[in-house]
Amino acid sequence: FRFWVNMESKTYDLHWHSSTEIIVPIKEQIHVIVKQQEYCVNPGDIFIIPAGELHEFTCTDQGIRLIFLYDLSVLQPVTGFPYLNSTFSQPVLITSQEAIYEKEMELLFHMFQDYYSQSSLRELMMFSKLVNFYVEYQENHPLSNASMPKQYEKSITDRLNLVFFYINQHYMEDIPLEKAAEIAG
């Protein structure tokens, strides 16, 4: 985990890192380019850049933003996480107009507090809130399979989790499509 308040007024040229990045502008908007698509991120918005994505952003002279870098690869073997993580494989912009915004912002705020606390459990506290951040988004985002009946959605999720788990355990081997289909039933 790395969490800080950034007040530099500069352009962060095209770069990438193995961590996922969350940017929350506090004062002034920023312009972020990910996969050649530009996003205008306004103060208070939550913008998530997936790990490994080339991106760049420009900050204004008066801008202030929170930046949070983290690596969740330790969760890869947990059933359900690869499916959940796939939701964040593209950039995500959460604005204050979305119903999930308040809960997500509250979790980020508490992670920020935990980061600067003196607790010997601070990393574990942050980690639990970050997992909750992902779950809340997946469970409550309006585009997360809203047209699909919950029973059917759970069945598909369970089947995909089996495939993700198998791939995670056998990633060094050739995995034919037929084998993945067999595992998914």
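**Helix packing, loops and buried positions**

Biologist: Which residues is L107 in contact with, leaving aside its neighbours within four places in sequence?

Modeller: With those neighbours set aside, L107 is in contact with K129, N132, F133 and E136. Contact here means heavy atoms within 4.5 Å.

Biologist: What kind of model is this, and what should I know about the numbering?

Modeller: This is a predicted model, in which local features need pLDDT of at least 70 and side-chain atom pairs count only at pLDDT 80 or more, while totals for chains, interfaces and linings use all residues. Residues are numbered from 1 along each chain as its sequence is written, and side-chain values use heavy atoms, with hydrogens and water left out.

Biologist: Back to L107, then: where does it lie, and is it buried or exposed?

Modeller: L107 lies in helix 2. L107 counts as buried because its relative accessibility is 7%. The term buried means under 20% relative accessible area, exposed means over 50%, and partly exposed covers what is in between (1.4 Å probe, protein chains only).

Biologist: How far is L107 from D13?

Modeller: Their C-alpha atoms are separated by 29 Å, and the two residues are 94 apart along the chain.

Biologist: At what angle do helix 2 and helix 3 pack?

Modeller: Helix 2 (residues 101-115) and helix 3 (residues 122-140) pack at about 170°, with axes 9 Å apart. Helix 2 is therefore roughly antiparallel to helix 3. Angles over 145 degrees count as roughly antiparallel, under 35 as roughly parallel, 65 to 115 as roughly perpendicular, and the rest as oblique. The axes are lines fitted to C-alpha atoms over the stretch in contact, and angles run from 0 to 180 degrees between N-to-C directions.

Biologist: Is the crossing of helix 2 and helix 3 left-handed or right-handed?

Modeller: The crossing is left-handed, a term used if the near helix is turned anticlockwise from the far one by less than a right angle.

Biologist: Which residues in helix 2 and helix 3 meet?

Modeller: From helix 2, the residues are K103, E104, L107, L108, H110, M111, D114 and Y115; they meet R122, M125, M126, K129, L130, N132, F133, E136 and Y137 in helix 3. The residues of this contact divide into nine nonpolar, two polar and six charged. Asp, Glu, Lys and Arg count as charged; Ala, Val, Leu, Ile, Met, Phe, Trp, Tyr, Cys and Pro as nonpolar; and the others, Gly among them, as polar.

Biologist: Changing topic, how many helices and strands does the protein chain have?

Modeller: The chain has five helices and nine strands, arranged along the sequence as β-β-β-β-β-β-β-β-α-β-α-α-α-α. Helices (H or I, at least four residues) and strands (E, at least two) are DSSP runs, numbered from the N terminus.

Biologist: Where is T20, and what does it touch?

Modeller: T20 lies in strand 3 (residues 20-27) and, at 12% relative accessibility, counts as buried. Beyond its neighbours within four places in sequence, T20 is in contact with I48, I49, P50, A51, F68, L69, Y70 and Y134.

Biologist: What about T60: where is it, and what is it in contact with?

Modeller: T60 is in the loop between strand 7 (55-58) and strand 8 (64-70), and is partly exposed, with a relative accessible area of 30%. Apart from neighbours within four places in sequence, T60 is in contact with S9, E28, Q29 and R65. T60 and I30 are 30 residues apart in sequence and 7.2 Å apart in space, C-alpha to C-alpha.

Biologist: Lastly, is V163 buried or exposed?

Modeller: V163, in helix 4 (residues 150-169), counts as buried at 10% relative accessibility. Not counting residues up to four places away in sequence, V163 touches A180, I183 and A184.
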